Amino acid sequence: EPGTNPVIATEAWIAPVVSYDGNINGGVLRSSFTFNGLIFEADPAYYAKAGVVLGAAGGGVARVAWANGRYIEARVRAESVWSPEYQIGRSNAELALCSRNHVAGWTFVDLCKTGSALWRELGKSSTQGATIAVSQLFQTDAAYHELTAAVSQTQVYSDKQPSVSVSLGSVWDHAATRVWLTAAPPVAGETVLRSRVATDVQWLWGGHAVDVGLWYQHFDGGAFLGTPRSDNAIGINLSYEINPALTAQIGYMENRSTVDFYDYAQTSVDLVFDALQW
C-alpha cells in the first residue's frame, strides 16, 4: 500500500554441511576406456576423488515490493567444504534475481535471471540462464494444484540453448506430488540435455517427512574421438526427516553412454541441518 515500507522480507541464514561427495575434485569418473581395440588409461592425477566433506553453507533473500502483489526478489547461496582425507576443497555460489508478479485471479508470471559457479581442484565451471514462467493455481475435488509452463535459455559453452518445461504440483489429503517435463533442441557440436522427466512424492511417516524422487534424462550431440555421443541417465533420491533440525538424504544415479568412457554410477549422502536464520 502507498506509504508502507517496500522492503517486505529480508533473511540471512547459515548451516553446517556434512556430505559424501562422489567427485570432490572434478576428476574423470572412469579410469580407462577402449577405442579401436586399444585400452587407454587416464592419468591417476585426474581420477575423481570421493569421500566425506565438511564445511558450511549460507545465503540470504531480500524482497522489494513495487506494486500490490508484485515484487523483486534477490537470492544468494554459497557453500564451501573441505575433504580431510585428500586435503582439498570445493566451493560453489548461486545467485538469482526474479520479478514475481500476480496477474489476475490465481495466475502468476515470474521472470528470473540466474547464475552459478563451481570451483574444484581441477577447474572452474559456471552457468547462467533466464526463465519466464506462467503459473496457474486451481482446485479439484481431490487436491489443490499448481500448473506451471516455463521457457528458459541457458548458456552452453559459447552457445545459448532454449528449453521448454511443464510441471504440475499437487497437495492431496496425505501427500504432495510434483511432475516435471523438459525438452530442449540440440546445440551443434556439443553434448547437451535434450529431455528430462522427473517425479517427486512427499508424505508424513510416523510424524517424519519423507521424500522420494525419480528422474530420467537424455543427452546427445557432439562426439568423442569421432564416435557420436548419446547418454541416458536415471536416478533416485530419498530424504527422511530424522527430527525437525536434521534430515538425511541419499541419492543414486547411473549414466549409460554410447561412449564407454562416460559410463558411470554415483552415490551421494547428505545430512541437512536446520539453518540458523536471522
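Residues are termed buried when their relative accessible area is under 20%, exposed when it is over 50%, and partly exposed in between, with a 1.4 Å probe and protein chains only. The structure is a predicted model, in which local features need pLDDT of at least 70 and side-chain atom pairs count only at pLDDT 80 or more, whereas totals for chains, interfaces and linings use all residues. Residues are numbered from 1 along each chain as its sequence is written, and side-chain values use heavy atoms, with hydrogens and water left out.

Side chains of opposite charge can pair when their charged atoms come close. Strands (E, at least two residues) are DSSP runs numbered from the N terminus. Arg100 is partly exposed, at 23% relative accessibility, whereas Glu73 is buried, at 2%. Glu73 also forms a salt bridge with Arg75, in which the closest N and O atoms are 3.2 Å apart; Arg75 is partly exposed, at 39% relative accessibility.

A further salt bridge links the side chains of Arg229 and Asp231 (2.8 Å, N to O). Asp231 is buried, with a relative accessible area of 2%. Through shared partners, salt bridges unite Arg63, Glu73, Arg75, Arg100 and Asp110 in one network.

Arg229 and Asp231 are also among the residues touched by Ser257, together with Ser230, Tyr262 and Asp263, when residues up to four places away in sequence are not counted; contact here means heavy atoms within 4.5 Å. Ser257 lies in strand E15 and is buried, at 13% relative accessibility. A polar atom of the Ser257 side chain lies 3.0 Å from the backbone nitrogen of Val259.

On the surface, a nonpolar patch is formed by Tyr20, Val52, Leu54, Leu214, Ile236, Leu238, Ile250, Tyr252 and Val269, with about 710 Å² of accessible area together. Patches consist of residues with over 30% relative accessible area and no salt bridge, nonpolar side chains (Val, Leu, Ile, Met, Phe, Trp, Tyr) being joined within 5 Å and like charges within 9 Å. Accessible areas come from the Shrake-Rupley method with a 1.4 Å probe, and for residues only the protein chains shown count as cover. Strands E4 (51-67), E14 (227-243) and E15 (246-257) each supply at least two residues of the nonpolar patch. Leu214, located in strand E13 (residues 208-224), is partly exposed, with a relative accessible area of 45%.

Key: Salt bridge = Lys/Arg side-chain N within 4 Å of Asp/Glu carboxyl O. Helix = DSSP H or I, 4+ residues; strand = E, 2+ residues; numbered from the N terminus. Polar contact = N/O pair within 3.5 Å; in protein donor to acceptor, adjacent residues only side chain to side chain.
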